[in-house]
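Visitor: I would like to go through this model one point at a time. Please put the sequence and the structure up first.

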Amino acid sequence: MTRGVGLIRMPVPLAPVHSAMVEVQKADSTARRRAILLTLGGAALGMMLILTFQSQQGSIENWLLEHREYLVAHPAVVGLAVLLLLSPALAGAGYLWRVGTRIIVTERFPPAAAKVIRDTMVISGRAAVRRGYLLRVLAGVLALNCLLIIAAIWYLIRSMTRTQ
């Protein structure tokens, strides 16, 4: 169906036809409060850590320079420190992988047992599976970035041992 004057014809959008009822997963107010508190708490903790490291940057650099030989001789200490720093990202990658797998298996997004912070339209079938694979790709990219950081630090330590 078109409508217009003269030579310009514009299509008139038709009302969407729904053959089935749309399922909506209701919001959980407790989960919403928890998400807000975790976000604010994480942001405050991150800000405090950044400010602390900025104020102590000189001391940290001096300590690293003073203990350079020890750190080069004991790469496991450096590896544990890097693992500690990357553990939130690795945990996030594992969580995304698990949720993506659950979505793929159940062919439903969000998963039935998931608590949502707002009313969410349930997607099922191929569209849900695509989202599950997308979450798994994101998890893989996050984990790969962590591995690249570890490889870069290993390369730096190795190049420091060659110069000595």
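Visitor: Of the contacts in the protein with a separation of 6 or more, what percentage comes from residues 24 or more positions apart?

Guide: This is a predicted model, in which local features need pLDDT of at least 70, side-chain atom pairs count only at pLDDT 80 or more, and totals for chains, interfaces and linings use all residues. Residues are numbered from 1 along each chain as its sequence is written, and side-chain values use heavy atoms, with hydrogens and water left out. Contact means heavy atoms within 4.5 Å. Among contacts in the protein with a separation of 6 or more, residues 24 or more positions apart account for 64%.

Visitor: In what order do the elements of the protein run from the N terminus?

Guide: Helices (H or I, at least four residues) and strands (E, at least two) are DSSP runs, numbered from the N terminus. The protein has five helices and six strands. From the N terminus on, the order is β-β-β-α-α-α-α-β-β-β-α.

Visitor: What percentage of the 164 residues of the protein count as buried?

Guide: Buried means under 20% relative accessible area, exposed means over 50%, and partly exposed lies in between, with a 1.4 Å probe and protein chains only. The total accessible surface (Shrake-Rupley method, 1.4 Å probe; for residues, only the protein chains shown count as cover) is about 12,900 Å², and carbon and sulfur atoms hold 69% of that. Of the 164 residues, the buried share is 16%.

Visitor: How many salt bridges does the count come to?

Guide: A salt bridge is a side-chain nitrogen of Lys or Arg within 4 Å of a carboxyl oxygen of Asp or Glu. By this rule, the count comes to two.

Visitor: How many residues apart in sequence are the parts that Glu 23 and Arg 108 tie together?

Guide: Glu 23 and Arg 108 form a salt bridge whose closest N and O atoms are 2.8 Å apart. Glu 23 lies in the loop between strand E2 (10-11) and E3, whereas Arg 108 lies in strand E4, so the pair ties together parts whose separation in sequence, in residues, is 85.

Visitor: Are Glu 23 and Arg 108 buried or partly exposed?

Guide: Glu 23 has a relative accessible area of 45% and is therefore partly exposed. With a relative accessible area of 16%, Arg 108 is buried.

Visitor: Which backbone oxygen does the side chain of Gln 25 reach at 2.6 Å?

Guide: Gln 25 lies in strand E3 (residues 24-25), and it counts as buried because its relative accessibility is 9%. Its side chain makes a polar contact (a pair of N or O atoms within 3.5 Å; within protein, one must be able to donate a hydrogen and the other to accept it, and residues adjacent in sequence count only if both atoms are side-chain atoms) with the side chain of Arg 108 at 3.0 Å. Leaving aside neighbours within four places in sequence, the contacts of Gln 25 include Arg 108, Pro 110, Ala 114 and Thr 120. The backbone oxygen reached at 2.6 Å is that of Ala 114.

Visitor: Which residue's backbone oxygen does the side chain of Thr 120 reach?

Guide: Thr 120 is found in strand E5. Not counting residues up to four places away in sequence, Thr 120 touches Glu 23, Val 24, Gln 25 and Pro 110. Its side chain reaches, at 2.8 Å, the backbone oxygen of Arg 118.

Visitor: What is the omega of the peptide bond from Phe 109 to Pro 110?

Guide: Most peptide bonds are trans. Pro 110 sits in the loop between strand E4 (108-109) and strand E5 (120-121). The bond from Phe 109 to Pro 110 is cis, with omega near -5°.

Visitor: What is the phi of Glu 107?

Guide: Most residues other than glycine have a negative phi. Glu 107 is found in the loop between helix H4 (75-106) and E4, and it is partly exposed, with a relative accessible area of 44%. Although Glu 107 is not a glycine, its phi is positive, at about 50°.

Visitor: Which helix gives the most to the nonpolar patch?

Guide: Patches are made of residues with over 30% relative accessible area and no salt bridge, like charges being joined within 9 Å and nonpolar side chains (Val, Leu, Ile, Met, Phe, Trp, Tyr) within 5 Å. Leu 45, Met 48, Leu 49, Phe 53, Ile 60, Trp 63 and Leu 64 form a nonpolar patch on the surface, together having about 690 Å² of accessible area. Helix H1 (29-55) and helix H2 (57-66) each supply at least two of its residues. With four residues, the one that gives the most is H1.
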